[in-house]
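The following exercises concern a single protein model. Please work through each task before reading its solution.

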Amino acid sequence: MNETQASNSSHEVTTDHRKVSLIVANVFLVIIIIFAVFGNILVCLACILSKRLQSFTSAFIISLAVTDILVGAISMPVWLSVNLTGKPDAVKFPTFYTVWLCFDIICGTASIMNLVFISIDRFLAVNHPLRYPTIVTRLRITIGITFIWIYSVTIAAIQPIKWPSYPLFVSLASFFVPLLGMVLAYSRIFQVALIHIRSIRRVHPNQSILRRPTAETFHRDIKAARTLSIVIGVFIVCWCPFFVANLISRYCKLCEVPNEVYSMIKWLHYGNSALNPLIYSCLNANFRAAFKDVLRRISLNRRMMQTDSFTKRNVTTTTNSGQDMHYRLSLPSEQLHGVN
């Protein structure tokens, strides 16, 4: 009898613990959704409105931010619904569930491909600074962004075919191969940076590197590369467990990823969509200034709208009072006494 009561008590504690964990996880997911959507909208506005950030690299940053906005506005709410209600599921809502999976693949692939093109852009800026303006043109940037989204949609479109090797294919095409390209590009960038700094110190040993006009552009490019390399590092930490877990669950028959672990991994890779704006604001002074400028403009516009609304209300009130007074003055004295 006592053993039965102890077992029931233990089961209730476990159930309560799971409920609390589920509530906490979903609250964090809601916070991530808010940060992902509004933070990346802020990134887009900053890149568009700030002259400091208007460059070809910003086009890829905007494309990456748009991807994160789509994740926060569409993918995460569906995942939140799955956590809370168990719907949509693959059995009762097969079409919707497949569309959601494909959309997830599109966004994940587009994110890493945007980072690949950003790394290529920084590689060209640091390794070929004189030829960079002729190599990177508006037309080539447009072609690059178009390619990113066509490539992502193509990778996702194969998923409904139920190809047995698809998990391995999507892991290679959407993560591991692009990741290798990014690592090689940034390794070369920092290798060139070290060579450049040593050569400058050798020629001008007594002068600060940052004060040399020839080094200012190079130093700016290196700072941008450092910020973006941290973005890539965070992306790897957030997404690598997801792809590894998918490969393990698909190809290792003896291995099983617990639901709680998979939920944490899913939460982690969705969380990446909310982190990039924080990284930009913490590590890049130009982004910090641009964010402050955008928020200042939004605040100013709100005040102006409130002032205009208040002024219009006053004008309407004054006009109505004037019309009433004119009406009263135009009445004969007998009717005027009746109105009063």
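**Exercise 1.** How many residues line the largest pocket, and which of them lie nearest its centre?

*Solution.* The model is a predicted one. Step one is the count: 45 residues line the largest pocket. Step two is the centre, to which Trp79, Phe242, Asn246, Tyr262 and Lys266 lie nearest. Step three is the volume of the largest pocket, about 1400 Å³.

**Exercise 2.** Determine which elements build this lining and what its composition is by class.

*Solution.* Two or more lining residues come from each of helix 1 (2-49), helix 2, helix 3, helix 6 (166-203), helix 7 (213-251) and helix 8 (259-283). Helix 1 gives the most, with ten residues. By class, the lining of the largest pocket has 23 nonpolar, 15 polar and seven charged residues.

**Exercise 3.** Describe how helix 2 packs on helix 3.

*Solution.* Because angles over 145 degrees count as roughly antiparallel, helix 2 is roughly antiparallel to helix 3. Their crossing is left-handed. The contact of helix 2 with helix 3 has 17 nonpolar, six polar and four charged residues.

**Exercise 4.** Compare the model with the UniProt annotation for two spans.

*Solution.* The unreviewed UniProt entry lists several spans as "transmembrane region", including residues 20-49 and 139-159. In the model, residues 20-49 are 100% helix and 0% strand, with end C-alpha atoms 43 Å apart. Residues 139-159 are 90% helix and 0% strand, and their end C-alpha atoms lie 31 Å apart.

Methods
Residues are numbered from 1 along each chain as its sequence is written. This is a predicted model: local features need pLDDT of at least 70, side-chain atom pairs count only at pLDDT 80 or more; totals for chains, interfaces and linings use all residues. Side-chain values use heavy atoms; hydrogens and water are left out. Axes are lines fitted to C-alpha atoms, for helices over the stretch in contact, and angles run from 0 to 180 degrees between N-to-C directions. Helices (H or I, at least four residues) and strands (E, at least two) are DSSP runs, numbered from the N terminus. Angles under 35 degrees count as roughly parallel, over 145 as roughly antiparallel, 65 to 115 as roughly perpendicular and the rest as oblique. A crossing is left-handed if the near helix is turned anticlockwise from the far one by less than a right angle, and right-handed if clockwise. Ala, Val, Leu, Ile, Met, Phe, Trp, Tyr, Cys and Pro count as nonpolar, Asp, Glu, Lys and Arg as charged, and the others, Gly among them, as polar. UniProt positions are given in the numbering used here, feature names are shortened, and annotations may be inferred rather than shown by experiment. On a 1 Å grid over the protein atoms alone, a cavity is a set of points where a 1.4 Å probe fits but cannot get out, and a pocket is an open set with protein on both sides within 12 Å along at least five of seven lines; lining residues have an atom within 4 Å of a point. Grid points are joined across faces, edges and corners, and a volume is the space filled by probe spheres set on the points.
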